[in-house]
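Take the sequence and the coordinates together.

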Amino acid sequence: MNSFIYQININFKRIILRNKRFFLFDMMLPIIFYLLYSKVLVSNMPETDLRIWQMNYLISMVIYSCLLGSIITVANTLFEDKTSHFDILSRLTPLPQWQYYLSRILIFMLLNLISAISICLVGILVNNLSLSITTWTLIIFITIIGTLPLILVGILISLINNPTTVNILNNLVVFPLAIISGLWWPITIMPDWLQFIGKLMPTFELSSIDQAILYGKIINNHYVLGLTLWIIIIGILTLTIIKHQKHKELNFE
């Protein structure tokens, strides 16, 4: 247990405190988007509609920030661990490999938590958004838990042994996912067939759950089941590829 906590401590300093890209890209980009589309470019919107838009768009940007952190930061960090042989160093510790990934998943969730709290603070301080402490806490907590399938996607991408392919896949997954699941603009303006695909995405399901909490509605079990299935499917796929790569390494040796 002490070794596991020590590894979390090392990863906290390495991935969070010394990671300027996280603060500049994962956190600042959604904050700029939020300020731009909820404060600057909304001058003609009626006050009532504006408040609803500011709240809904805040949730979208919280999830967008977590999407960036969960896929791009996770994939790049784990791939850099591989190219710098830091993962080999971790394997030399008595900890099993699943704890290697668990320690990083916890740190990446902490990164998402920092992003989510920061963006919510911007909404409170700049747009005077007001919710109960319970509602804010529930939205942030559910969002962080709901990013698990996205973190697994980031781990999956990091398993590709080519830096160019990792970068291409990051962009091919993150930005289309943000668009078709309605994080950048309302999903209702898209064609029906694209809406159908977008509503199957984990980011849309997570956004719908957060919206239900925001407006005090009953959470649709369909979205909870959808997120659970994403976790199971991507988790199994990731474990299968990790075992296959490990088997190949052993045969090579």
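Where is the place of W184? W184 sits in the loop between α8 and α9 (192-198). Helices (H or I, at least four residues) and strands (E, at least two) are DSSP runs, numbered from the N terminus. The model is predicted, so local features need pLDDT of at least 70 and side-chain atom pairs count only at pLDDT 80 or more, while totals for chains, interfaces and linings use all residues. Residues are numbered from 1 along each chain as its sequence is written, and side-chain values use heavy atoms, with hydrogens and water left out.

From C-alpha to C-alpha, W184 is 7.3 Å from S60, although 124 residues separate the two in sequence. With neighbours within four places in sequence set aside, W184 is in contact (heavy atoms within 4.5 Å) with F33, Y57, M61, Y64, F175, A178 and I179.

Some of these residues also belong to a helix pair. Two packed helices are described by the angle between their axes and the distance between the axes. Here, the axes of α3 (residues 47-83) and α8 (residues 163-180) come within 10 Å and cross at roughly 170°. Axes are lines fitted to C-alpha atoms, for helices over the stretch in contact, and angles run from 0 to 180 degrees between N-to-C directions. Angles under 35 degrees count as roughly parallel, over 145 as roughly antiparallel, 65 to 115 as roughly perpendicular and the rest as oblique; α3 and α8 are therefore roughly antiparallel. On the α3 side the contact is made by Y64, L67, L68, I71, I72, A75, N76 and F79, and on the α8 side by P163, V166, N167, N170, V173, V174, F175, L177 and A178. These residues divide into 14 nonpolar, three polar and no charged. In this scheme Ala, Val, Leu, Ile, Met, Phe, Trp, Tyr, Cys and Pro are nonpolar, Asp, Glu, Lys and Arg are charged, and the others, Gly among them, are polar.

N170, in helix α8, is buried at a relative accessible area of 2%. Buried means under 20% relative accessible area, exposed over 50%, and partly exposed in between (1.4 Å probe, protein chains only). Beyond its neighbours within four places in sequence, N170 is in contact with I71, I72, A75, N76 and I157.

I157 is one of the buried residues of α7. In helix α7 (residues 148-158), 10 of the 11 residues are buried, so the helix is largely enclosed by the rest of the structure.

What about the cysteines? A search of the whole structure finds zero disulfides (pairs of cysteine sulfur atoms within 2.5 Å). For C66, the nearest cysteine sulfur is that of C120, 9.4 Å away. C66 is buried, with a relative accessible area of 0%, and C120 is buried at 5%.

N128 lies in the loop between α5 (97-127) and α6 (133-146). Its phi is near 55°, a positive value in a residue other than glycine. Most residues other than glycine have a negative phi. N128 counts as exposed, at 56% relative accessibility.

Of its 253 residues, 47% count as buried. Residues 24 or more positions apart account for 78% of the contacts with a separation of 6 or more.
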